[in-house]
Amino acid sequence: MSCNQDDTYIGGSISGGESEIANIFPVPPSLWIGGGSEPYYSAGYTGDIMPFFDNGKFHIYFLHDAKNKPAGKGFHDIHEFQSTDLAHFSYEGQVIPYGTTTDADFGIGTGSVVKVGNLYYFYYTGHNGTPAFLQSNARESVLCATSPDLKTWTKIPSFKITAPAGYYNFDFRDPHVFYNEELSKYSMLVSTQTEPGRKAVLLHFTTANPASGNWDVQAPIYTTTPQENYLMMECADIFKMGNYWYLMFSENWSTTKGTHYKMATSINGPWTTPQNDRIDGEYFYAGKTASDGNKRYVFGWNARKTPETDLGNKDWAGNMVIHELIQNSDGTLGTQAPQAVKSFFSKNSTIEVDATLGGVTVNNGSYSLSSTTNKAMVTFKPVGKRAKINAELTLTTTTGTTGFVFHTNNTGSYYKIVLDATKNAIIGYNSASQETTRIPFGLQVNTKYDVEIITEGSVVVFYINGKVALTNRIYGRDKYNWGIIAEGQSATVSNLQLTQAE
């Protein structure tokens with residue numbers, strides 16, 4: 001039994017209203033939520049996101065990472081944002097609470113929502129690692145709650161799936177459920193490992209009727225290859241765009257951390273790995289998708305740092321970041337900012353030069369940067385909380401780097417996001433020049449690249465050619481100068497534009 005029979009919970013604030021989120025990269029607001037005898041403060045971070053589109057609205061469920069976790073209580077209860085355009089959000093509070101120390105969902109992990117008839121099913125991960133619980137229970141299991149209206153969710157205490165024979169019940173999580181037209185059944189993907197052997201797999205279960213509660217185990221839909229050797233493939237998703245099927249998952253242990261994808265012409269594979277198999281760099285994690293019937297979007301979180309400085313360590317949960325997925329002519333996936341987010345920035349602003357350094361020529365808003373040994377740099381005055389920067393970049397040599405700097409301060413340090421012509425990648429470096437995140441991108445000389453940077457607070461998302469994204473966490477970005485830079489490279493930055501929200 002996973003929970004008590006009376007585990008029905010209605011989300012929302014105690015004061016009785018929705019809370020509008022003023023951010024395009026939202027975190028939970030700071031207010032008292034809940035009802036009954038145990039209200040609590042909602043301030044925290046956005047963890048793994050479980051988007052679901054229904055009746056013209058995105059229901060964006062996520063694991064809530066509280067700033068202050070009460071002693072002895074559980075963690076990562078499921079909360080909800082709602083949006084119709086993915087640029088404006090309302091916060092709906094907690095929808096599924098965590099259980100007690102004796103419940104399978106003392107901690108909650110990722111899941112997914114599916115509608116069957118007139119009932120919605122929320123399959124999610126139960127996690128309880130307390131020693132007393134582990135004496136007679138698996139650490140992780142798949143649990144379920146149902147709702148007639150996406151507002152009131154009731155846990156089903158009789159439902160629990162644990163790892164079948166041959167699989168590892170210590171890591172058994174992140175159910176992704178969908179209707180499988182190929183089988184005329186419902187399918188569930190679960191992230192786990194083989195036991196023995198400990199090979200990461202996406203295990204496959206099926207049922208003809210979720211109401212029965214009976215799911216039959218099938219062969220894994222994907223097993224990590226010896227070359228990948230992923231420890232776990234978390235937060236899986238599967239969907240079809242055009243003629244291709246895509247299998248998406250995240251992993252945080254290899255040298256290419258982040259959200260990966262495979263592609264195939266059939267839901268049964270064989271799955272192939274594109275040359276760049278990542279949706280973003282490692283500061284965008286746990287990407288899962290939802291479609292409004294026209295476009296498909298991937299929802300992830302931009303990791304925060306502890307301590308909250310450029311030199312801090314990457315930490316779990318942060319702000320929600322959403323990319324629109326596009327399909328390239330060869331079937332590979334690309335990313336761009338959602339149109340509503342682009343349109344959010346409609347006020348043209350003046351770019352104020354603060355200083356120049358090294359080989360810099362300014363000509364009617366175009367900047368030529370020439371660097372051999374010493375860097376060439378132009379810095380501009382701060383732009384405040386949120387801004388959109390557009391520019392065209394042209395490289396003239398096959399070595400060195402050029403790009404943008406942020407959080408430039410009196411000590412001369414800065415965070416930079418650069419196009420590296422030698423490494424064929426876009427790379428983010430912190431203020432100690434340590435690489436923090438990268439995404440592969442083939443670069444050519446004398447080719448104009450369209451760059452769009454969307455920033456709010458310490459979240460900075462770098463898009464290039466409307467096809468590749470690199471999400472960064474840059475503290476102090478809004479208070480300090482920003483600029484453009486070239487090191488060992490000659491480059492031109494033209495048509496530099498700054499727009500802000502009205």
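1. Two strands count as paired if DSSP finds at least two bridges between them. Keep that rule in mind for every sheet below. Note too that this is a predicted model.

2. Start with one bridge. Asp237 has Met248 of strand S18 as its bridge partner. The two strands involved are S17 and S18 (residues 244-251), and six bridges join them. They run antiparallel.

3. Three strands make an open sheet, ordered S17-S18-S19, with antiparallel pairing. Strand S17 (234-241) and strand S19 (258-264) stand at the edges. Each has a single partner strand, so one side of each is left without a neighbour in the sheet. From one strand to the next, the twist averages 20 degrees.

4. Another open sheet has seven strands. Their order is S25-S28-S37-S30-S31-S32-S33, and the pairing is antiparallel. Which strands are at the edges? They are strand S25 (353-357) and S33, and each pairs on one side only. Here the twist averages 15 degrees from one strand to the next.

5. Look at S31 and S32 within that sheet. Five bridges join these strands, which run antiparallel. As an example, Val418 has Ile427 in S32 as its bridge partner. The loop between strand S31 (415-420) and strand S32 (425-429) holds Asn424. Asn424 deserves a check on your screen. Its phi is near 50 degrees, a positive value in a residue other than glycine.

6. Move on to S32 and strand S33 (residues 435-440). This pair is antiparallel as well, over five bridges. The hairpin of S32 and S33 has five residues between the strands. In that hairpin, Ser433 takes a positive phi near 60 degrees.

7. Check the cis peptide bonds next. One joins Glu195 and Pro196, with omega about 5 degrees. Pro196 sits in the loop between strand S14 (185-194) and strand S15 (200-207). Another joins Gly269 and Pro270, with omega about 0 degrees. Pro270 belongs to the loop between S19 and strand S20 (284-291). S19 is also an edge strand of the three-stranded sheet in point 3.

8. Step back to the whole chain. It is divided into domain 1 (20-342) and domain 2 (346-500). Taken over C-alpha atoms, the domain centres are 33 Å apart.

9. How many residues of each domain are in contact with the other? Domain 1 contributes 33 residues and domain 2 contributes 31. The size of an interface is often given as the accessible area lost when the parts come together. Between them, the two domains bury about 2,500 Å². Carbon and sulfur atoms account for 51% of that area.

10. Consider the polar side of this interface. The rule finds one salt bridge across the interface of domain 1 and domain 2. It also finds 15 residue pairs in polar contact there, both residues at pLDDT 80 or more. Which elements each supply at least two residues of the side of domain 1 that touches domain 2? They are strand S21 (296-306), strand S22 (313-327), strand S23 (333-336) and helix H2 (339-344). S22 gives the most to this side, with six residues.

11. Finally, inspect Lys342 and Glu452. These residues form a salt bridge. Their closest N and O atoms are 4.0 Å apart.

Note on methods
Residues are numbered from 1 along each chain as its sequence is written. This is a predicted model: local features need pLDDT of at least 70, side-chain atom pairs count only at pLDDT 80 or more; totals for chains, interfaces and linings use all residues. Side-chain values use heavy atoms; hydrogens and water are left out. Helices (H or I, at least four residues) and strands (E, at least two) are DSSP runs, numbered from the N terminus. Axes are lines fitted to C-alpha atoms, for helices over the stretch in contact, and angles run from 0 to 180 degrees between N-to-C directions. Domain bounds come from an automatic or database domain assignment. Contact means heavy atoms within 4.5 Å. Buried area is the accessible area (1.4 Å probe) that two parts lose on being put together, summed over both. A salt bridge is a side-chain nitrogen of Lys or Arg within 4 Å of a carboxyl oxygen of Asp or Glu. A polar contact is a pair of N or O atoms within 3.5 Å; within protein, one must be able to donate a hydrogen and the other to accept it, and residues adjacent in sequence count only if both atoms are side-chain atoms.
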